[in-house]
Structures are given as C-alpha cells and as structure tokens.
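Please open the model in your viewer and keep the selection panel at hand. We will go from one selection to the next, with a word on what is there each time.

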Amino acid sequence: MFDYVIVGAGSAGCVLANRLSEDPDVRVLLLEAGPPDTLENIHVPLGYLQLARTEVDWDYNSAPEPECGGRRIPLPRGKVLGGSSSINAMVYIRGNRRDYDEWGVAGWSWADLMPYFLKAEDNERGASEWHGAGGPLPVSEGRSQNLIARAFVDAGEQAGLARNDDFNGDQQDGVGMYQVTQRGGMRASAAVAYLHPAMERPNLTVLPYMHVQRVLMDGTRAIGVRASQLGQEQDFNAEREVILCGGSYNSPQLLMLSGIGPAEHLTMREIEVLLDQPAVGENLSDHAAAYAVWTTPEPQSLLLALEPEALEEFETSQTGPFTSNLAEAGGFARVGAEAPAPDVQFHVAPVHIVDEGMSDPQAHGIWVSPCLLTPNSRGTVRLASSDPTAKPIVHNAFYSQGDDMQRMIAGMRLTMDICAQPALRPYCAEPFTTPDGSSDEALRAHIATTTYAVYHPVGTCRMGEDAGAVVDDQLRVNGTEGLRVVDASVIPTVPRGNTNAPTIAVAERAADLIRGGGQTAPPAESAAAAAVAGAER
Ligand SMILES: Cc1cc2nc3c(=O)[nH]c(=O)nc-3n(C[C@H](O)[C@H](O)[C@H](O)COP(=O)(O)OP(=O)(O)OC[C@H]3O[C@@H](n4cnc5c(N)ncnc54)[C@H](O)[C@@H]3O)c2cc1C
C-alpha cells in the first residue's frame with residue numbers, strides 16, 4: 001500500500017518522486033515501463049544518436065501525414081528511467097512568457113511558473129535575475145562549441161539577426177549557442193537530477209520494467225493501477241492518489257484504456273466507458289520542423305568523434321565532440337506578419353545527418369533546421385486497440401490549419417539566407433539535401449519530404465478552467481477523484497521552445513499543489529520578482 005502511485009519515470013515523474021518523498025511520512029511508488037538508465041550512450045551526450053529504436057525508445061511513428069506526402073514520421077519517446085529526458089537533445093529553453101500567459105489558466109501564468117524554473121535550476125552561470133543556482137537540474141554551457149555551429153551564429157548576425165547569449169534572459173529573439181542540461185560534460189536527465197539523489201529514501205520505491213495497463217477505479221475514484229512485469233500482472237494500491245506521468249502519447253492512452261475518453265471511440269475499441277471525456281487525446285500540438293543539409297570539405301564536423309583523439313579528450317577532460325548535444329547552436333526569429341514573439345526556432349547540428357539520423361554520417365557537413373513554434377494545427381492520439389501493449393495512433397496533422405505551411409516556407413527561406421552568408425560559406429559549399437528556393441511550390445515540396453516532429457508533443461490531456469478540459473487547474477482529472485495527470489500532456493499549447501524545462505517546472509508546481517501548499521518559496525525571491533516584472537520578451 002502506497003500513498004501515491006506515480007506512473008512513468010520521465011521528466012515529470014522523476015520530479016514528483018523526489019519532491020513527494022521529501023516527506024518521510026509519505027510512501028511513494030514510481031512505476032516505469034522501461035529499464036534502469038545504465039546504458040553509457042544515455043550519459044555520454046553524443047551517444048544519444050545510438051538510442052533510437054533500441055529498448056529505451058517506445059519507437060512510435062505518426063499515422064500518414066497528408067501534408068507531408070503521406071509519410072509516417074518517427075516519434076521517439078524515452079522508455080527508461082528519466083523518460084525522454086534520457087534520450088533528448090539536452091537544449092535548455094523555457095519558452096516565452098507569452099506562452100504561459102496565453103494558456104489563460106489561473107496559477108499557471110509566467111509569473112506563477114518563473115519561481116519554479118528558478119527553483120529547479122542549477123545554472124553554472126550562477127544565480128541572477130534570470131537564473132537559479134542550487135536547484136537539482138544542472139544547466140551548463142555546451143562543451144563541444146564546434147566551429148561550424150559557431151559559424152552559424154556569426155552567419156545569423158550577418159543576416160541581420162541579433163546575437164543572443166541567453167535565450168532564457170530578457171530577450172528570446174536572436175541567434176546563439178544553446179545552454180544544455182549537462183554537468184561536467186555528461187547528460188543531466190531528470191533521473192540524474194531528481195531521481196538518483198532520492199533513490200535511497202526508504203519511503204520511495206522505484207520499479208522499472210513495470211508496464212502499467214490501466215488505472216483501477218472504484219466508481220469515479222482511482223484506487224490503484226494494474227501493471228505487468230515480464231508478463232506477470234500485479235495490482236498496486238494508492239491510498240491518496242494515482243498520478244499519471246506517461247507523457248503526451250501514453251497518458252491519454254492510459255486514460256482511455258481505463259475507460260476515460262471519447263465514449264464513441266472507447267466503445268469502438270470494446271472498452272467499457274467509465275467517463276465520457278471527449279477531450280482526452282485531442283488538441284495534440286507539436287513543433288513541425290524541416291531541414292537542409294550540406295557537405296563540406298572542411299574537416300570540422302562531429303565526424304571528428306571518430307578520431308581516436310576525440311575519445312581520449314573525452315576521457316581525460318570531458319570536453320570535445322563526445323560532449324556535443326548535436327543541436328549546439330540555434331536561435332529564434334519572427335516570420336509571421338506582426339508576430340508578437342518568435343515563431344520560428346533554429347536547431348543547428350555540425351554534422352552531416354543522413355537518413356533522418358538513422359545511418360552514420362559518411363562526410364563532414366552541417367544540418368540546419370527551422371521549426372514552427374506557434375502551430376495552428378492540432379492532432380490526436382487514439383487507441384489502436386484495447387491491448388495496452390499496442391502503440392497508440394498519433395495524427396500530427398502538420399500544416400493542416402491556418403498559415404502554418406506559409407510560415408514554414410518563410411522559415412526555410414530565412415534558413416537559406418543565413419546559410420548563404422560569408423561565415424557559413426566554407427561549410428555550406430556543397431548542397432546535399434537543400435531546397436530549390438526559387439518558388440514557394442519548390443519550398444513546399446522540400447518541406448513535405450523533410451518534415452519531422454521536434455519531439456515536443458503537448459496538449460493531449462490539456463488543463464483548463466472550462467468543463468471541456470481533461471484536467472483542472474490543480475491537474476486533477478475532471479469527473480474523477482484521486483487521479484491526476486502531471487506531464488507535458490497537460491500543457492495546453494506548445495511553448496515557443498523545447499519542452500523539457502517547461503515540463504519540469506509544471507511538475508515542480510504540481511508537487512506543491514499535491515502537497516497541499518500550492519505556494520512556493522523560490523530560492524531567490526527578489527530575483528524571481530524582478531524577472532517576472534521584466535521587460536516584454
Ligand atoms: C529525441 C528527443 C529529443 C528531445 N530534445 C529536447 C531538447 O533538446 N530539449 C528539451 O527541452 N526537450 C527535448 N525533448 C522533449 C522533452 O524531452 C520532453 O518534452 C519531456 O521529456 C517530456 O516529459 P514527460 O514527463 O511529459 O514525458 P517522458 O519524459 O517521455 O516520460 C514518460 C515516462 O513514462 C513512462 N511510461 C509511459 N507509459 C507507461 C506505462 N504504461 N507504464 C509505465 N511507464 C510508462 C515512459 O517510459 C517514460 O519514462 C526531446 C524529446 C525527444 C524524444
């Protein structure tokens with residue numbers, strides 16, 4: 001018997017396991033479908049290139065995407081302690097203050113969440129108006145600092161964009177090098193930051209290889225979960241709450257498997273309807289991105305990792321190509337008419353990516369990728385069957401609404417402009433996968449064939465104050481008792497940036513809500529207040 005049963009040891013689940021077990025009188029159980037995070041490729045940053053389609057990846061694919069030539073787009077998701085934070089690209093971005101204010105949910109504005117970003121953070125730049133120090137989550141400068149990535153920043157400036165040394169400071173616009181969730185040149189996943197330091201607590205039990213199949217309900221009250229480990233079913237009881245932290249695909253899947261979801265869909269899948277909740281699995285929003293790739297005769301890309309000196313450098317000083325998070329540089333720009341904040345983000349990897357990263361690069365090169373930060377398009381997550389091991393059906397419906405494709409075309413044009421600047425000329429000498437920029441039609445065709453998802457799905461169990469929302473402003477599943485969802489799926493609209501830090505901030509605030517306070521005492525109260533009062537970003 002436990003007080004809290006947490007399902008999923010990802011970015012949010014690790015935060016909750018740590019924060020809730022801080023109280024020694026509370027018994028916490030954390031169930032994770034995947035294995036412990038022992039693989040070296042999880043912890044050596046560049047190693048994550050080798051993790052796709054292994055036992056630590058759920059290895060989902062989208063349904064055919066109509067605006068992308070009917071392609072099924074790969075959707076990797078971490079299935080391991082740390083969840084997607086154990087396989088992600090480590091870029092540390094909070095998003096724009098507008099994102100949170102536009103959610104329009106009491107308690108979740110930028111001013112409400114900023115103290116939790118600071119509370120979570122341990123930035124090696126130290127505490128400041130914009131940054132926290134001393135929190136569990138290490139944030140550092142990238143240690144690879146590849147020449148080609150730095151050339152992109154120079155080229156961005158030459159193309160007229162501002163240089164930005166802190167995308168989480170007072171301005172988000174501009175180009176620069178990303179800060180990363182690393183410490184000492186190693187990945188700092190949510191498991192490393194939050195879970196491992198708490199593992200020895202006697203009131204925290206962590207069970208890997210435990211695939212939760214559904215929530216056990218007594219009427220409308222959640223009383224536990226049914227899970228399966230190596231084919232053996234087990235039930236776990238929760239005296240206070242079941243908290244779903246399965247991520248944006250698996251949390252709605254679990255609700256639907258438990259009879260909570262769109263009634264017609266559940267009936268078609270022969271699942272008894274406990275609660276007709278049409279919004280479960282709706283409102284999926286993710287960042288669509290496309291890319292361009294060049295080869296270069298300059299021997300400067302991350303292919304250098306294949307040289308024996310690179311391994312030696314990593315082993316002796318934990319610097320060099322092995323510490324690269326791939327997307328070392330990037331930035332934020334505005335392409336939409338009168339965009340009030342950035343609507344395009346760049347991810348730039350100093351490497352010749354082929355076959356969507358599934359094959360090893362054979363040449364030196366650069367990969368530059370614009371992504372659409374504020375999509376109008378929304379997709380869905382649905383059950384393929386009532387079998388809990390069946391992969392959910394994900395429709396991203398990229399570019400299906402509004403001016404999404406038009407803005408993506410503008411983002412690709414800006415990419416090509418930056419890559420034509422003098423600083424990048426040596427590296428963008430030989431086109432490999434580049435668009436013919438002569439017409440919108442040609443750009444549209446290139447975007448259709450190169451679009452991928454930037455792995456930032458949110459919104460499928462959206463929070464809100466309206467009756468149609470899946471969870472309320474306390475993240476309790478509407479129409480139930482003792483059941484919450486705490487992960488990226490509750491975020492109503494995808495923020496302008498990467499989603500690991502926002503998910504961790506959401507979970508930090510949720511921990512306070514669950515413990516009954518709903519309030520926080522941020523480590524640097526005055527800094528937080530100053531940041532909140534800061535100029536429009
Ligand atoms: C390849 C990739 C690159 C990314 N790059 C970045 C980046 O550079 N920066 C950034 O900020 N964000 C990045 N992201 C996104 C970011 O990592 C996610 O938004 C964030 O980790 C989501 O956290 P979560 O808690 O919602 O879900 P997850 O971290 O995915 O955690 C869900 C957990 O629940 C477990 N689970 C699911 N279903 C069950 C079940 N039925 N039973 C038991 N356990 C279950 C899963 O195995 C997993 O461990 C990336 C993501 C990916 C996949």
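**Two domains**

Begin with the whole protein, in which the centres of domain 1 and domain 2, taken over C-alpha atoms, are separated by 29 Å. What you see is a predicted model, in which local features need pLDDT of at least 70 and side-chain atom pairs count only at pLDDT 80 or more, while totals for chains, interfaces and linings use all residues. Residues are numbered from 1 along each chain as its sequence is written.

Colour domain 1 (1-58 + 76-140 + 186-282 + 457-537) and domain 2 (143-177 + 288-374 + 399-450) separately; the bounds come from an automatic or database domain assignment. Here 19 residues of domain 1 are in contact with 25 residues of domain 2, where contact means that the C-beta atoms of two residues, placed from the backbone, lie within 7 Å.

**Helix H1**

Now select residues 11-20, which form helix H1; 10 of its 10 residues are buried, so the helix is largely enclosed by the rest of the structure. Buried means that 20 or more other C-beta atoms lie within 10 Å of the residue's own, against 12 or fewer for exposed and partly exposed in between, with C-beta atoms placed from the backbone. Helices (H or I, at least four residues) and strands (E, at least two) are DSSP runs, numbered from the N terminus.

Which elements do the buried residues of H1 pack against? Among them are strand E1 (2-7), strand E2 (28-31) and helix H12 (500-514).

The contact includes Leu-16 of H1 and Ala-507 of H12.

**The core around Leu-16**

Next, pick Leu-16, which, not counting residues up to four places away in sequence, touches residues including Ile-6, Ile-243 and Val-486. Leu-16 is also one of the residues with the most contacts inside the largest nonpolar core, which has 169 residues. Such a core is a set of buried Ala, Val, Leu, Ile, Met, Phe, Trp, Tyr and Cys residues joined through C-beta atoms within 7 Å.

**Val-381**

Finally, move to Val-381 in strand E22 (residues 380-382), which is buried, with 27 other C-beta atoms within 10 Å. Leaving aside neighbours within four places in sequence, its contacts include Tyr-249, Leu-284 and Val-394.
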